[in-house]
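User: Hi! I am new to protein structures and would like to learn how to read one. Could you walk me through a few features?

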Amino acid sequence: MNTEISQVSKQVANDHQHMAELTAAAMFASDAATRGLDMQIVHVAEGTATLSMRIRPAMLNGHQTCHGGYLFTLADSAFAFACNSRNQVTVAAGCSIEYLLPGREADVITATVTEQSLTGRTGIYDARLTNQHGQLIALFRGKSHKLNAEVVPGLVLRENAVPT
C-alpha cells in the first residue's frame, strides 16, 4: 500500500506555504477569467490570498465608475485562492458584497481575503477591497464548501509524504 501512495504522490510541498504557492500556480494557470482580467496574485498562504487588478476603461459603468461585477469577481477570485490553498478543491457556497466607495478608471484595487472559520467541509472568508490609496472600497464575505478532490492531484506535504 505504501508503494501505491508514493507512486501517486508525484509532487511534494516542503511546508504549508509551499503547498499554497504550488496550488495557486496550478489554479492560476487554468483560470482564464482571473488571467483575462489581468489580476495579479500579490500573496498567497494557507487560508489567505491577496490579488490586485487595475480598473480599465472597459470595466466602467454608465456612471464612469467600476462596475460592481468586476469588484465582485476580484474578491471572488481572491476567495478561491484562499480557500483552495490546502490543495483541496473548494467551491463557493454563497457570497455577498457591500460596496462602500466607487472604483475609478486606472485605480488598482486589491482584495485581501482571510479565513475566519474552517469546520469540516465549510469555511467562512472575509475580504477587504482597497484602492491604491488604502481607501476601503468594498467588503466581501464568502462561504466555501470543500469537495473530495485535490487541485493538484498527488501533491502532498513533505511531513505527510511516504518515504521512497
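Predicted model: local features only at pLDDT ≥ 70, side-chain atom pairs only at ≥ 80, totals over all residues.

User: What lies between β5 and β6 in their hairpin?

Analyst: Two residues separate the strands there, and G120 takes a positive phi near 60°.

User: Which strand pairs with β6 besides that, and over how many bridges?

Analyst: β7 (residues 136-150) pairs with β6, in the antiparallel sense and over nine bridges. One of the partners to look up is L136 in β7, which is bridged to T130. The hairpin of β6 and β7 has five residues between the strands, and in it G134 has a positive phi near 85°.

User: Now the cysteines. How many disulfides are there?

Analyst: The general idea is that a disulfide covalently bonds the sulfur atoms of two cysteines. A search of the whole structure gives zero disulfides. C66 is in no disulfide, and the nearest cysteine sulfur, which belongs to C95, is 17 Å away. C83 is in none either: its nearest cysteine sulfur, again that of C95, is 8.6 Å away. For a pair to count, the sulfur atoms must be within 2.5 Å.

User: Are C66 and C83 buried or exposed?

Analyst: The cut-off for buried is under 20% relative accessible area. C66 has 6% relative accessibility, so C66 counts as buried. C83 is at 7%, so C83 counts as buried as well.

User: And the largest pocket: how much space does it hold, and which residues line it?

Analyst: About 190 Å³ of space lies in the largest pocket. Its lining includes H16, M19, E46, R86 and N160. By class, four lining residues are nonpolar, five are polar and three are charged.

User: Which element supplies the largest share of that lining?

Analyst: β8 does, with three residues. Both α2 (16-30) and β8 (155-157) supply at least two lining residues each. L155, V156 and L157 are among the residues to look for in the lining.

Key. Residues numbered from 1 in each chain as written. Heavy atoms only, no water. 1 Å grid on protein atoms, 1.4 Å probe; cavity = no way out; pocket = protein on both sides within 12 Å on 5 of 7 lines; lining within 4 Å. Points joined across faces, edges and corners; volume = space filled by probe spheres on them. Helix = DSSP H or I, 4+ residues; strand = E, 2+ residues; numbered from the N terminus. Nonpolar A, V, L, I, M, F, W, Y, C, P; charged D, E, K, R; others polar. Buried < 20%, exposed > 50% of the residue type's maximum accessible area, 1.4 Å probe, protein only. Pairing = 2+ DSSP bridges.
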